[in-house]
Amino acid sequence: MDRRTFFGMLAAGTAGLSATAPELGAQTVSAKKFVVVGGGMAGATCAKYLAMWAKRSGMTVDVTLVDENARYVSCIMSNKVVTGERTLASLTYGYDTLSSKFGLRFVNAGVTSVDAVNKTVALSTSETLSYDRLILAPGIQFDYSTVSITATGLTDEQARDAVPHAWKAGPQTDTLRNQLVALTAGEHVIVTVPKSPYRCPPGPYERVCVIADWLKKNKAGSRVIVLDANAGIQAEKVNFGNAFTTVHANIDYFPNAAVASVSFDAASPSVKTVTLVAPAAQVNPVTNVASVTTQSSFTAAVVNLLPQMKGGQIMLDTLAGVEGAIVGGRWAKVNELSYETLVPGVHVIGDSIASKQPKAGHIGNQQGKVCADAILRLESGLQPYPAPVTNSACYTPITSSTATWLTAIFAYNAVAGEMQVAPPGVIEAPEGPTSQAYSEMGEWFGELMADTFA
Ligand SMILES: Cc1cc2nc3c(=O)[nH]c(=O)nc-3n(C[C@H](O)[C@H](O)[C@H](O)COP(=O)(O)OP(=O)(O)OC[C@H]3O[C@@H](n4cnc5c(N)ncnc54)[C@H](O)[C@@H]3O)c2cc1C
């Protein structure tokens with residue numbers, strides 16, 4: 001398969017999934033109630049395809065999509081908000097089209113609890129919804145328990161906001177942007193990378209590249225210091241390694257650099273001190289050669305702190321107390337044929353699950369379809385499709401005019417009972433960053449978001 005064909009399939013959202021579009025015409029489901037919690041990349045797609053495929057198959061279903069926010073702001077492309085090339089408004093999507101086109105109901109409310117025995121969910125509006133199947137797609141939450149953030153003159157919450165993660169697109173994305181703009185030339189920026197697994201494996205390195213590019217053009221002498229809690233770059237090793245060393249000469253990369261604390265005085269916010277759990281050496285990510293000196297404390301004016309991550313709280317609360325339902329205290333254990341958890345009738349998709357598939361929006365979109373298909377089959381007395389295939393494509397801007405790309409295919413391995421990387425495996429752009437990939441990036445993003453929200 002050439003790259004054009006591959007991307008064509010991705011754009012249509014069909015790679016490996018065409019076989020899963022249900023052909024259940026003769027089976028009738030009488031107004032089964034499906035409640036989807038979280039209208040992000042995974043949840044919105046699942047709700048849309050549940051409603052659309054049920055209708056095409058002559059089924060009567062009642063699909064309700066619930067999100068605590070009235071509109072969704074995409075994390076994908078939000079690094080370009082940090083560099084001032086896009087606005088959050090341009091990344092904002094509503095639910096009107098999904099409602100009018102596919103007949104699903106959107107409810108703007110937070111889900112506060114789930115009663116998996118009586119099959120109901122309680123909303124922040126005091127409404128209660130009953131369900132036959134519940135799909136939880138709440139994304140991630142941040143775990144600050146391993147890092148101490150103290151700022152003289154600020155509350156704990158203010159101190160955290162002053163070292164923004166900007167890893168859920170929203171106010172913190174603008175904060176990070178404003179902090180970069182306010183930087184005095186020559187002052188530095190620290191970007192921390194949490195222990196894997198975290199949302200969007202290439203994302204932090206993409207952010208490092210676009211910030212480094214922006215600093216070169218706008219803040220002479222400023223550098224990006226990357227403190228990576230992992231042993232090395234987690235995705236697109238070759239392209240990011242080259243970008244860190246060759247394309248951008250203003251990046252210092254420290255692997256095995258887990259952050260223990262951040263401290264500063266609100267009266268002098270341009271001096272923020274980041275201390276590591278253990279001293280780390282700077283490493284050239286292309287040659288892997290480490291410098292002999294190690295360092296445990298760094299100072300910068302801007303600290304973009306990405307804390308450790310875990311699945312959404314509503315998922316953790318719903319699965320709590322069921323032995324083996326939560327992996328490592330963070331992620332939902334799911335059957336990757338249907339995304340059903342160990343709690344019958346409760347499915348989890350997207351970033352909240354434990355999986356070899358990456359925590360990525362493109363994958364969340366794919367999981368939404370596989371889950372929708374499996375649910376419609378199960379409710380029709382059939383078994384889930386036994387050989388699902390998903391794919392992930394990701395374009396990563398390296399500068400304001402060039403990008404690289406990464407693709408991966410995952411297939412269900414019946415022996416291992418999980419989705420695993422399948423041939424041709426994980427491929428990163430062999431040609432490195434190009435302007436052509438940069439323009440393809442816009443096309444890919446537009447098609448992915450249309451497949452999810454329209
Ligand atoms: C900077 C950055 C760049 C990225 N770039 C890419 C990329 O190029 N390609 C890619 O594929 N992925 C990318 N990603 C990753 C992608 O954004 C996520 O993997 C994806 O959004 C996960 O989808 P999700 O549905 O699991 O969660 P989300 O999209 O976060 O959706 C979760 C939804 O659940 C709602 N919610 C949570 N709890 C509740 C509750 N109790 N009640 C009601 N609603 C609730 C939230 O409001 C939210 O709308 C990037 C991420 C970042 C941060």
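Predicted model: local features only at pLDDT ≥ 70, side-chain atom pairs only at ≥ 80, totals over all residues.
Helices and strands are taken here as DSSP runs, of at least four residues (H or I) for a helix and at least two (E) for a strand, numbered from the N terminus.

A backbone N or O atom of Asp351 is found 2.9 Å from a ligand oxygen. For Met41, the corresponding separation between a backbone N or O atom and an oxygen atom of the ligand is 3.3 Å. A polar backbone atom of Ala137 lies 3.5 Å from an oxygen atom of the ligand. The ligand on its own has 1,000 Å² of accessible area, and the protein covers 94% of this.

Helix 2 is mostly covered, with 14 of its 16 residues buried. Just after helix 2, Gly58 adopts a positive phi of about 75°. Helix 10, with 18 residues, extends 25 Å from its first C-alpha to its last, close to the 26 Å expected at 1.5 Å a residue. Because 17 of its 18 residues are buried, helix 10 is largely enclosed by the rest of the structure.

Helix 11 (residues 435-453) has 19 residues, and the distance from its first C-alpha to its last is 28 Å, close to the expected 27 Å. The N-terminal end of helix 11 is capped by Thr434, a side-chain oxygen of which lies 3.0 Å from the backbone nitrogen of Ala437. Ala437 is itself one of the buried residues of helix 11, which also include Tyr438, Met441, Trp444, Phe445 and Leu448. In an α-helix there are 3.6 residues a turn, so residues three or four places apart point the same way. Further buried residues of helix 11 include Glu440, Met449, Asp451, Thr452 and Phe453.

Most residues other than glycine have a negative phi, and most peptide bonds are trans. The peptide bond from Ser196 to Pro197, by contrast, is cis, with omega near 0°. Pro197 is placed in the loop between strand 12 (189-193) and helix 7 (203-218). A cis peptide bond also joins Pro423 to Pro424, with omega near 5°, and Pro424 lies within strand 25 (residues 418-428).

Positive phi values occur in two asparagine residues. Asn256 has a phi near 50° and belongs to the loop between strand 14 (251-254) and strand 15 (259-265). With a relative accessibility of 48%, Asn256 counts as partly exposed, since exposed residues are those over 50%. Asn288 has a phi near 70° and is located in the loop between strand 16 (272-283) and strand 17 (290-300). The relative accessible area of Asn288 is 60%, so this residue is exposed.

Asp252 is part of strand 14 and, at 14% relative accessibility, counts as buried. The C-alpha atom of Asp252 is separated by 26 Å from that of Ala169, a residue 83 positions away along the chain. Thr390, in strand 23 (residues 389-397), has a relative accessibility of 0% and counts as buried. Between the C-alpha atoms of Thr390 and Asp132, which are 258 residues apart along the chain, the separation is 26 Å.

Definitions and conventions:
Residues numbered from 1 in each chain as written. Heavy atoms only, no water. Polar contact = N/O pair within 3.5 Å; in protein donor to acceptor, adjacent residues only side chain to side chain. Areas by Shrake-Rupley, 256 points an atom, 1.4 Å probe, with all protein chains shown as cover. Buried < 20%, exposed > 50% of the residue type's maximum accessible area, 1.4 Å probe, protein only. Expected span 1.5 Å × (residues − 1).
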